[in-house]
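Work through the exercises below with the sequence and the structure open. Try each task before reading its solution.

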Amino acid sequence: MKTAVVTGAAGFLGSHLSDRLLAEGFRVIGIDNFITGSPTNLEHLKNEPKFEFKQQDVTEYVHVSGEVDIVFHFASPASPIDYLELPIQTLKVGSLGTYRCLGLAKEKNSRFLIASTSECYGDPLVHPQTEEYWGNVNPIGPRGVYDEAKRFAEAMTMAYHRYHQVDTKIVRIFNTYGPRMRLKDGRVVPAFISQALRGEPLTVFGDGSQTRSFCFVSDLIDGIFRLSNGTYHEPVNIGNPTELTVKEFAERIIRITNSTSTLAFKPLPTDDPKQRRPDISKAKKLLAWEPKVDLETGLQKTITYFKGKI
């Protein structure tokens with residue numbers, strides 16, 4: 001039986017990744033310090049014999065006994081509300097955490113996959129964003145703690161690949177949504193859905209003309225799993241290229257939830273990206289992957305989950 005280590009296992013994506021790996025026959029060792037992850041995301045695995053959990057801070061140490069086939073480094077605050085409140089921890093998990101997890105992969109002679117982000121592109125001057133685009137990032141702005149942590153993590157990952165010949169993969173994750181997101185994590189999907197379900201005004205920053213593209217979590221995890229089994233070492237975008245404005249998205253949430261909510265416009269945060277859409281040509285070619293779940297279907301599943309949380 002193959003063994004996978006998943007850091008950030010109690011997070012939104014980490015828990016779904018753990019489920020997929022278990023379904024594929026892996027033994028999974030999940031690691032989390034619960035700084036933003038939640039034990040409830042792993043509650044359904046408490047009696048799963050192939051799942052083992054360790055409460056560790058990967059910026060301090062990573063200890064795993066026995067053989068390991070692949071390390072997935074997903075530990076990190078990932079929403080603006082989190083990394084603005086936890087700037088030092090965000091930088092540490094992207095630097096020290098990545099270093100320690102790469103060290104584990106080197107020690108175990110295992111594969112390594114880092115969860116990077118579309119935020120590496122910053123407020124992009126190229127649209128849609130291809131993996132060859134180097135980005136437009138403000139390193140000292142408030143969002144820089146997350147953007148630069150991930151950019152450093154990518155550089156460290158490639159250094160271990162080139163210098164130590166570690167079999168590494170880099171996924172650049174675009175906006176993803178689905179069950180197990182936190183209601184108050186500050187991202188647009190849970191914010192809009194929770195406000196709509198409560199009949200509160202939906203908070204739209206700026207005039208709502210900035211664009212986003214949303215990928216359902218099962219599609220994203222499928223792309224990541226395919227990438228983990230491939231031979232490509234440079235970054236690959238995984239996301240849904242269907243693009244819409246934030247205002248259009250808010251209006252769609254109101255319609256699907258049959259809410260009486262209106263829109264409340266507030267100033268655009270510093271360095272908030274005006275456009276975000278992945279070019280997934282590389283994922284299509286290398287992984288034979290593209291998203292399957294349409295936005296309407298994915299939102300219905302997500303709204304059903306949030307109804308049980310409000």
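**Exercise 1. Helix H5**

Which residues of helix H5 (residues 188–198) are buried? Then find what they pack against, and inspect the residue that follows the helix.

Solution. 
- Step 1. The model is predicted. Buried here means under 20% relative accessible area.
- Step 2. In H5, the buried residues are Val 189, Pro 190, Phe 192, Ile 193, Ser 194, Gln 195 and Ala 196.
- Step 3. Go past the end of the helix. Gly 199 follows H5, and its phi is positive, near 75°.

**Exercise 2. The overall fold**

Describe the protein chain by its secondary structure, its dimensions and its contacts.

Solution. 
- Step 1. Take the elements. The protein chain has 9 helices and 13 strands.
- Step 2. For 310 residues, a compact globule would have a value near 19 Å; the protein chain has 19 Å, so the two agree.
- Step 3. The C-alpha trace spans about 55 × 45 × 40 Å along its principal axes.
- Step 4. Turn to burial. Of the 310 residues, 55% are buried.
- Step 5. Residues 24 or more positions apart account for 80% of them.

**Exercise 3. Surface and charge**

How much of the accessible surface of the protein chain belongs to carbon and sulfur atoms? How far apart are the mean positions of the positive and negative charges?

Solution. 
- Step 1. The accessible surface comes to about 13500 Å². Carbon and sulfur atoms hold 51% of that surface.
- Step 2. The protein chain has 38 positive and 36 negative charges. Their mean positions lie 2 Å apart.

**Exercise 4. Backbone details in the loops**

Solution. 
- Step 1. The peptide bond from His 127 to Pro 128 is cis, with omega near -10°. Pro 128 sits in the loop between strand E5 (111–117) and helix H4 (144–164).
- Step 2. Asn 109 is not a glycine, yet its phi is positive, near 55°.

**Exercise 5. Aromatic pairs**

Why is the pair of Tyr 177 and Phe 216 edge-to-face?

Solution. 
- Step 1. Start with the count. There are 10 aromatic pairs.
- Step 2. The ring centres of Tyr 177 and Phe 216 are 5.5 Å apart and the planes meet at 65°, so this pair is edge-to-face. The angle cut-off for that class is over 60 degrees.
- Step 3. Locate the partners. Tyr 177 lies in strand E7 (residues 176–177) and Phe 216 in strand E10 (residues 215–216); the pair links distant parts of the chain, 39 residues apart.
- Step 4. Check burial. Tyr 177 is buried, at 0% relative accessible area. Phe 216 is buried too, at 6%.
- Step 5. Now take Tyr 305 and Phe 306. They form an edge-to-face pair, 5.5 Å centre to centre with 65° between the planes. Tyr 305 is partly exposed at 23%, whereas Phe 306 is buried at 0%.
- Step 6. Tyr 121, Tyr 133 and Phe 174 form one aromatic cluster.

**Exercise 6. A lysine in a strand**

Is Lys 54 buried or exposed? Which residues does Lys 54 contact, neighbours within four places in sequence aside?

Solution. 
- Step 1. Lys 54 is part of strand E3 (residues 51–55).
- Step 2. The relative accessible area of Lys 54 is 19%, so Lys 54 is buried. The cut-off is under 20%.
- Step 3. With those neighbours set aside, Lys 54 contacts Ile 29, Gly 30, Ile 31, Asp 32 and His 63.

Methods:
Residues numbered from 1 in each chain as written. Predicted model: local features only at pLDDT ≥ 70, side-chain atom pairs only at ≥ 80, totals over all residues. Heavy atoms only, no water. Helix = DSSP H or I, 4+ residues; strand = E, 2+ residues; numbered from the N terminus. Rg over C-alpha atoms; globule rule 2.2 N^0.38 Å. Buried < 20%, exposed > 50% of the residue type's maximum accessible area, 1.4 Å probe, protein only. Contact = heavy atoms within 4.5 Å. Areas by Shrake-Rupley, 256 points an atom, 1.4 Å probe, with all protein chains shown as cover. Lys, Arg positive; Asp, Glu negative; His and termini not counted. Charge placed at Lys NZ, Arg CZ, Asp CG, Glu CD. Phe/Tyr/Trp six-rings, centres within 6.5 Å; stacked < 30°, edge-to-face > 60°.
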